[in-house]
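Subject: Structure for your files

Dear colleague,

Here is the structure I promised to hand over. My notes on it follow below.

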Amino acid sequence: MKIAVLLATSFIFLLTVHHVSAQWDASPTERESPFIEDTFPDKTFFVNQKLTEYWQINYPCEVSKGIPKPEIYWKWYSNGVYKGKIDSKSGDRVLNGTRLALKNINPDERYRCVAENIYGTALSKKIHILQSKTTKFNINEKVEDTITKNAGETLVIKCKFISPGQPVGLYYWKTKNRITETDRIYTNVEGSLVFSYVESDDTNTYTCNNMNPKQVATTGGGWTNLTVNPNTLPVEAPLQKLYTTENNSIAMFGREFLIQCMYGGIPIPRIRWETPLSMRPNNPEHTLVIKTVTENHGGCYTCKASSGNNRDETKICIHVAGPPIWVNEPDPEMTVAEESNVVFHCKARSLKGGKELARPIWMKNGRNLSDISVYPGGEMRNRLSLSLDGSSLTFSDVRKSTDICNFQCIYSNRYGEIFAGISFNVILRTEILVAPESQVISRGDVAVFPIKFKVDPLVKSKTDLTWKLNGNKIETFDIADVQILPNWTLIVNTSQMDEDRFKAFLGNYSITIDNSVETVIKYALLKQNPATGGTTMQSAGLDAKWIALIVALVLFFIIFILLLCILFNRQSGDNYSVDKKERKAGHDPEKELADSGFHDLPRTDDDPGLKKPDNLSISSTGKSIASDTDSMGEYSDNDAGSRFNEDGSFIGAYQSHESKGNESNV
């Protein structure tokens with residue numbers, strides 16, 4: 001009995017594996033809106049003006065996702081106005097693969113990368129491309145300034161340039177060699193050379209220089225002849241303000257900002273700062289360096305100078321300004337299941353002290369939502385709604401067939417804009433085709449929990465399955481009697497379990513299907529058969545569905561065999577070997593039967609006009625059929641035993657006997 005159960009169980013295993021082997025059931029084509037991962041910072045390029053006939057500006061646009069593969073092109077704007085699409089191979093603005101290629105740079109222009117497929121259009125933020133420039137000096141006309149000072153006096157020599165560099169670069173001064181800055185001599189942010197006091201050794205010719213880091217080039221000019229009278233250097237000189245950062249200056253959010261407070265005098269003044277934030281002491285003392293400006297850096301800074309018995313102070317207030325900052329920046333990617341209601345949050349605010357922001361601009365596939373009157377799918381517009389302040393966009397009852405797209409959200413003010421792009425995708429919900437069912441078994445039985453499901457191909461690679469028993473994950477690598485097949489069918493074989501182990505594997509089984517977007521859990525109970533309460537060898541876990549399948553297979557084979565038998569009999573009935581041999585021997589069975597006096601008798605019910613004979617006979621003796629006095633002796637013949645042919649036929653063998661009978665009757 002046990003062997004029979006195991007064989008039946010093995011047969012069912014094979015059926016189960018075959019039945020659920022295609023667990024990743026076919027789904028519609030994979031679809032995905034484009035996604036641009038690059039941050040697209042503003043860039044400054046070095047352009048050699050002698051090489052403008054070659055493409056010198058190549059700004060890349062790398063797209064990391066999108067099915068089908070997106071088309072890449074660029075858009076350009078001038079003074080905030082859209083000017084056109086850049087997708088050609090000729091002109092001053094061309095598409096070089098996926099790169100923006102420019103011959104010339106216009107500081108008023110902005111550029112935006114676009115990635116587009118049939119499901120959506122992704123945009124980058126607008127980027128500003130600048131051309132690096134060195135500080136320009138008038139070197140054709142060597143104009144020299146002459147300055148005469150007494151020893152101990154303060155001095156500021158301005159750097160005479162025509163236009164600053166891009167970026168500003170580093171200013172430094174030279175005589176014959178580069179001047180080493182000290183507490184007494186240093187350079188401010190404007191490039192001026194500052195002397196706390198001069199000495200007779202300072203007599204020389206000075207030139208201002210600027211080094212541009214982008215071009216790794218240095219320019220210079222602005223010659224100044226300084227003469228210091230050789231008088232005796234005083235022991236003390238009055239405290240004098242030489243340079244400070246302008247009060248109420250604007251510090252741009254997120255950038256570096258320098259606050260400077262420079263005094264002259266003898267002895268060299270000491271500077272102490274009082275700041276809105278706790279800041280580390282700076283060296284040199286006259287300059288505070290804010291590496292990255294935040295909102296909290298706004299406020300007033302007090303510079304307190306002291307030199308001997310002299311004291312002075314200067315208050316410098318700065319205001320932090322910049323584009324809006326995010327309160328709730330939307331996720332760049334969002335994938336949801338069909339029929340979901342989705343809310344996109346996009347909220348920003350002004351910096352402290354700034355004006356209240358206007359409502360954001362929402363776009364779908366690069367077009368303003370307010371400008372779109374008709375959507376694919378017809379009623380999409382009715383399923384989109386904005387909150388009162390415009391910071392939340394709700395998309396109701398989303399569908400894979402029509403709603404895969406890209407959304408964009410933009411806030412702006414006088415200092416710039418912030419941009420957020422959203423790649424939005426919709427997947428089909430996980431569909432369970434075959435779910436595990438609860439079972440009642442006895443020890444010795446085998447329980448089979450099949451699972452078959454359909455998942456959207458976009459998340460197939462992210463889908464994880466986990467079997468649990470009573471909330472604990474089932475690890476099968478060290479359990480011989482519990483198996484998880486490659487198709488995720490769970491098999492619990494209790495044939496080798498003792499009573500305690502058998503009871504340990506009873507309980508609530510669950511399988512979790514998690515595709516990173518939605519989680520589906522199916523449960524099945526495994527209970528002990530209360531009728532047996534112990535060990536039996538019944539067909540464990542074979543529910544009505546599997547029993548019905550086995551019965552159907554058996555019936556199928558029986559019907560198939562019966563059909564084969566019927567077909568065989570029909571084919572063999574067409575050939576009668578005895579009849580063929582009689583005819584071959586020159587006999588005519590039909591004629592001989594007719595001559596013998598036997599005839600077909602008609603049925604009176606077929607023809608009512610015929611009279612039924614009173615007594616039917618087959619000979620002249622008039623004996624009735626099946627009379628009690630019938631005897632085979634009347635048909636005997638001394639040679640009868642020898643009248644059968646070799647094949648068992650006797651029709652031809654009685655022909656001569658019949659002829660004699662006829663002659664006697666005549």
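**Disulfides**

The disulfide of Cys346 and Cys409 is left-handed, because the torsion about its S-S bond is about -90 degrees. A disulfide here is a pair of cysteine sulfur atoms within 2.5 Å. Cys346 sits in the loop between strand 28 (342-345) and strand 29 (347-349), and Cys409 in strand 34 (residues 405-413), so the bond ties together parts that are 63 residues apart in sequence. Helices (H or I, at least four residues) and strands (E, at least two) are DSSP runs, numbered from the N terminus. The sulfur atoms of Cys346 and Cys409 are 1.9 Å apart, and both residues are buried. Buried stands for under 20% relative accessible area, exposed for over 50%, and partly exposed for what lies in between (1.4 Å probe, protein chains only).

Before the rest, the basis of these notes: this is a predicted model, in which local features need pLDDT of at least 70 and side-chain atom pairs count only at pLDDT 80 or more, while totals for chains, interfaces and linings use all residues. Residues are numbered from 1 along each chain as its sequence is written, and side-chain values use heavy atoms, with hydrogens and water left out.

How many disulfides does the structure hold? There are five. With bonded cysteines counted along the chain, their pattern is 1-2, 3-4, 5-7, 6-8, 9-10.

One of them joins Cys61 and Cys113, with 1.7 Å between the sulfur atoms. This link is left-handed, with -75 degrees about the S-S bond. It connects distant parts of the chain, 52 residues apart: Cys61 is in the loop between strand 3 (57-59) and strand 4 (63-67), and Cys113 is in strand 9 (residues 109-116). Cys61 is buried at 1% relative accessibility, and Cys113 is buried at 0%.

Another is formed by Cys261 and Cys303, whose sulfur atoms are 1.9 Å apart. Its S-S torsion is about -80 degrees, so this disulfide is left-handed. Cys261 in strand 21 (residues 257-266) and Cys303 in strand 24 (residues 299-307) are 42 residues apart, and the pair links distant parts of the chain. Cys261 has a relative accessible area of 0% and is buried; Cys303 is likewise buried, at 0%.

Two further cysteines have values for accessibility. Cys405 is buried, with a relative accessible area of 0%, whereas Cys565 is partly exposed at 42%.

Five strands form an open sheet in the order 37-45-44-40-41, with mixed pairing. Strand 37 (439-441) and strand 41 (472-473) are at the edges with a single partner strand each, so one side of each has no neighbour in the sheet. Two strands count as paired if DSSP finds at least two bridges between them. Strand 44 (residues 507-514) and strand 45 (residues 519-528) are antiparallel and share eight bridges. Asp514 has Thr519, in strand 45, as its bridge partner.

Thr463 is in the loop between strand 39 (452-454) and strand 40 (464-469). Is Thr463 buried or partly exposed? Thr463 is buried, at 9% relative accessibility. Its side chain reaches the backbone oxygen of Val459 at 2.8 Å.

**Backbone points**

Two cis peptide bonds can be checked in the model. One joins Ile67 and Pro68, with omega about 0 degrees; Pro68 is in the loop between strand 4 and strand 5 (71-78). Another runs from Gln166 to Pro167, with omega near -5 degrees, and Pro167 is in the loop between strand 13 (155-157) and strand 14 (170-174).

Asp397, which is not a glycine, has a positive phi near 50 degrees. It lies in the loop between strand 33 (392-395) and helix 2 (400-403) and is partly exposed at 30% relative accessibility. Asn470, also not a glycine, has a positive phi of about 55 degrees. Asn470 is in the loop between strand 40 and strand 41 and is partly exposed at 45%.

**A nonpolar patch**

Ile547, Val551, Val554, Leu555, Ile558, Ile559, Leu562 and Leu563 make a nonpolar surface patch of about 730 Å². Patch residues have over 30% relative accessible area and no salt bridge, and nonpolar side chains (Val, Leu, Ile, Met, Phe, Trp, Tyr) are joined within 5 Å, like charges within 9 Å. A salt bridge is a side-chain nitrogen of Lys or Arg within 4 Å of a carboxyl oxygen of Asp or Glu. Areas come from the Shrake-Rupley method with a 1.4 Å probe, and for residues only the protein chains shown count as cover. Val551 is in helix 4 (residues 544-572) and is partly exposed, with a relative accessible area of 44%.

Regards

Conventions: Polar contact = N/O pair within 3.5 Å; in protein donor to acceptor, adjacent residues only side chain to side chain.
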